[in-house]
Amino acid sequence: MARWRLSVLTGSPSSRFGLLTWLAVVLSTVLGVGTLTAPASAEERKGGSWTVTRQTGAPGRLSADVRLDGTDGTLSFAVRRGGATVLEPAPLGIVTDAADLTTGLRLRDRDTREVTERYTTTTGKERRRTARMPQTRFSFTGDGGARLDLDVRVSDDGVAYRYVLPDEDGVTVLREASAFQLPAAAPAWLMPYTVNYERPRTETTAGGAAAGDYGYPSLFRSGAGFVLLTESDVDGRYAGSRLTHEAGSARYTVRLADERISSPGPLATPWRTAVIGDLATVTESTLVDDLAPASRIRDTSWIRPGRVAWSWLAGFGAAQRSLETQQRFVDYSASHGWEYTLVDDGWKTTDWMPQLITYAQQRGVKVLLWMHWSDLDTAAERAEVLPRIKKWGASGLKIDFMDSDSQARFRWYDDILEATAEHKLLVNFHGSTLPHGIQRTWPQVMTMEAVYGAEQGNVSVADVTTLPFTRNAVGSMDYTPMGFQFGTRNTSEAAELALSVVYESGFQNYAGSVQAYRDRPQLERFLEQVPTVWDESRLLSGHPGDGAAFARRNGDRWFLGSVTAGGPATERVPLDFLGSGRWRVEVVRDGADGLVRESRIVDRRDTLSVPTLRNGGFAALVCRDRPGRTTCDEPVRRAPLTSLTATPQKAEADPGGSVAVDGRFLIEEFGPAANVRLTASAPSGWTVRGAGAEAEQLPTGSTLDANWTVQVPKDAAYGNHDVVVTAEYRAPGASPRTPPLRSLRTVRVFVSPPGVDFVSDLPFATERNGWGPVERDLSNGENSAGDGGPLTIRRASYDKGLGMHAEGEVAVDIDGAYDRFTAQVGIDDEVSGEGTVVFQVIGDGRVLATTGVLSRADAAHPIDVDVTGVRRLTLRATDGGDGINFDHADWGDAQLRSAQAS
């Protein structure tokens, strides 16, 4: 049984109090007494040293040494592992606006108790956990009678301390003296601090690192072990912090994010935390969660981690604005047993989200929605937005761009966490702080970014293989792997697949395109099986920057993932973590023509040997071998992967005219589909000619085609009208009583008014744009033609128009054929930041109209200009004075009226 010990060393080791204290501690250890309270002796008040130890009988047990200097009343903190010092003495203390509690301290008393907590998490490296830590509270008095309590905890995997300021009238903290002192030559893996923690780490030494601020978690090798420095239990009562370092020093001092931190009553600071041990201890540690408050959510049955189809790196903003694209990712999730799809930045300019969520629910897929944190930064916004998206059926949010460790931002975290829990919405924080135990306290938090991840487009192998020992060691990490179609990938395909196991995240946001997945069938097969939460995690081998191999268990199956820097080589992984008996191992590795799968029977005495490519790796699935078992795969509940096309996507027609529409429905995978029907419908008063098509069964690879002629009535209203092509079908094995699945595609028919020409339909004589091309009938997508969304200004949408980005302009030659130009102009709703634009209309070099500076907050501004006799008309969007970021300039319904028609 593990035990704790408090050793007291004073100026007189033979003092009666020291002896009595030692006897009391021994008795409490033997008899299991949980608490020891002892007032300070006169000698201890002047100074002394105390050691807090968790005695496990292991040779690497940890001891935290607290020393009060009898001369100046300063405190220091050091840590030993076994007999070796791993953290040398470094200052303790805190300064408030009322007292300097870094000096002149005297010990009042101390209290020791055993902390034992058992809890279960919804995410993480190990769901069922037991935390056992002795805690000693040292109570000090400073000059003027100010109180400072110091809590010290020691566990098998690390040490931590925090300050408690018990003033009932409140307190304002100015700074901490807290620091960590490493051996100067200690190897270090450090990340220069940024508010979103999105920087690569650099390998250096504790004393040789450049001067500056470094973000948590910071990893050092001290002697034969490792020290991972971070913080735990950070919320709105305090601010986050980082480590600041002076050149040539091996001391790392805690620097708070704010100059002043206010508490209306007694204050307990976050835990200054050091995970200590070998690399297995560091990566398997749950200390950061163990130190955090217990769950605030009693019923967690609605919280379901899972795999997420994320389309951002497969199409960026344009993909988020496309219902068809998002349905495609829903279809992929449904056909491969993935639980979620995530729609990122861009969807808010559309009106189809409830339709997408219904579509996904019919296929057993849940939808997650991106939001900028400023969309939810007030109580009024949260009260309006969260019930609305919950009513739609959304399952959770990806909230982005908090970009701060300030107390104010942590108070916002408190508010949004309480609100999302109330509405039973899952959360993924991006542009965020680190996990500080948040997933224990608020178990709806599935993952957090705070990483230089795959969306950066060129992550080095050194960083890929350092993250398991640093960032991911303290909580779920949303790295977003599998984006084969994007950026520069510096690992092999098997190594990329291995990240689904090597990296722990309650939501694994897989970043590939549908085609990238389909081009790699062995990758698809493995991702169908791999879970995102674990009952047990083991580091099998590895070192920061060199590689990492993990075994993680879910239920009775083990999943292995390994990624290495360098090579090629043959990896050899001992299988002694397995139980007795025979096991089937299915390895996915790099082959000559892509990923290959190999199966073999092993037992725990064997070593798994796998050939790997340069910067390669492998993934594996391990299960009990039994008679008749040929694979470790479990059945996947899936829907057919289908595609529906309707052509043309857009058409123009005159009143009384007609449009030809074609529809095609394809079963791509996992057929057959049954009771298939293909139909078309049009607005009231329009006529559809054509019978559609039907099939009792449609096998994989087969299509169903239909053609229709749509007649436009002579009195049709001007503007856009939708002709809808619908495919209706049932999945294999579905009951006839089950409602059929439906897919819809829209042909948008624009009926033009007579005597009007839209600028977007005219050839451009000249064109320039701040980002990407000028878009016709779409907003500016900043990249390639056609990647914009609907033209929308303050929720008013426009069927026709131009999408620009300042500085931009187009010129059209009109040769005196028109007498009026009209438009509705403004900043498109798609921008997430503040943009400002000035719009100008220029005729033959002369300014005919100009707006004031328009921002995202302004409604559309009308422009009505006489262009009689103008031969070249130029439309220009210029910066409003704050730079061109977010300057998406819309010319809604930009049209010319012909002089003859007038």
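Hi everyone, let me start with a pair of side chains: serine 779 and glutamate 830 make a polar contact of 2.6 Å between them. A polar contact here is a pair of N or O atoms within 3.5 Å; within protein, one must be able to donate a hydrogen and the other to accept it, and residues adjacent in sequence count only if both atoms are side-chain atoms.

Before going on, a word on the model. It is predicted, so local features need pLDDT of at least 70 and side-chain atom pairs count only at pLDDT 80 or more, while totals for chains, interfaces and linings use all residues. Residues are numbered from 1 along each chain as its sequence is written, and side-chain values use heavy atoms, with hydrogens and water left out.

Back to serine 779, which sits in the loop between strand S50 (775-776) and strand S51 (791-793). Helices (H or I, at least four residues) and strands (E, at least two) are DSSP runs, numbered from the N terminus. Serine 779 has 0% relative accessibility and counts as buried; buried means under 20% relative accessible area, exposed over 50%, and partly exposed in between, with a 1.4 Å probe and protein chains only. Leaving out residues up to four places away in sequence, serine 779 touches a set including Arg321, Asp828, Glu830 and Asp890, where contact means heavy atoms within 4.5 Å.

Now the whole chain. The protein has 14 helices and 61 strands. Its C-alpha trace spans about 110 × 75 × 50 Å along the principal axes. A compact globule of 902 residues would have a radius of gyration near 29 Å, and the 32 Å of this protein agrees with that; the radius is taken over C-alpha atoms, and the globule rule is 2.2 Å times the number of residues to the power 0.38. Buried residues account for 58% of the 902. Of the contacts between residues at least 6 apart in sequence, 71% join residues at least 24 apart.

Which residues have the most contacts inside the largest nonpolar core? They are Phe77, Phe138, Leu150, Val152, Val159, Tyr252 and Ile276, in a core of 57 residues. Another core, of 54 residues, lies apart from that one, and Phe410, Ile438, Val445 and Met446 are among its members. For the definition, a nonpolar core is a set of buried Ala, Val, Leu, Ile, Met, Phe, Trp, Tyr and Cys residues joined through side-chain atoms within 4.5 Å. In soluble globular proteins, nonpolar side chains tend to be buried together.

Val445 and Met446 come up again with threonine 123, which touches both of them, along with others including Pro305 and Val533. Threonine 123 lies in the loop between strand S9 (106-120) and strand S10 (128-141), and is buried at 2% relative accessible area. Its side chain makes a polar contact of 3.1 Å with the side chain of glutamine 439.

In H9 (residues 407-422) we find isoleucine 416, buried with a relative accessible area of 0%. Helix H12 (residues 493-502) has nine of its ten residues buried, among them Glu496 and Ser500.

Finally, how many disulfides are there? The count is one, taking a disulfide as a pair of cysteine sulfur atoms within 2.5 Å. Cysteine 623 and cysteine 632 form the link, with S to S at 2.1 Å. The link is left-handed, at -80 degrees about the S-S bond, and both cysteines are buried.
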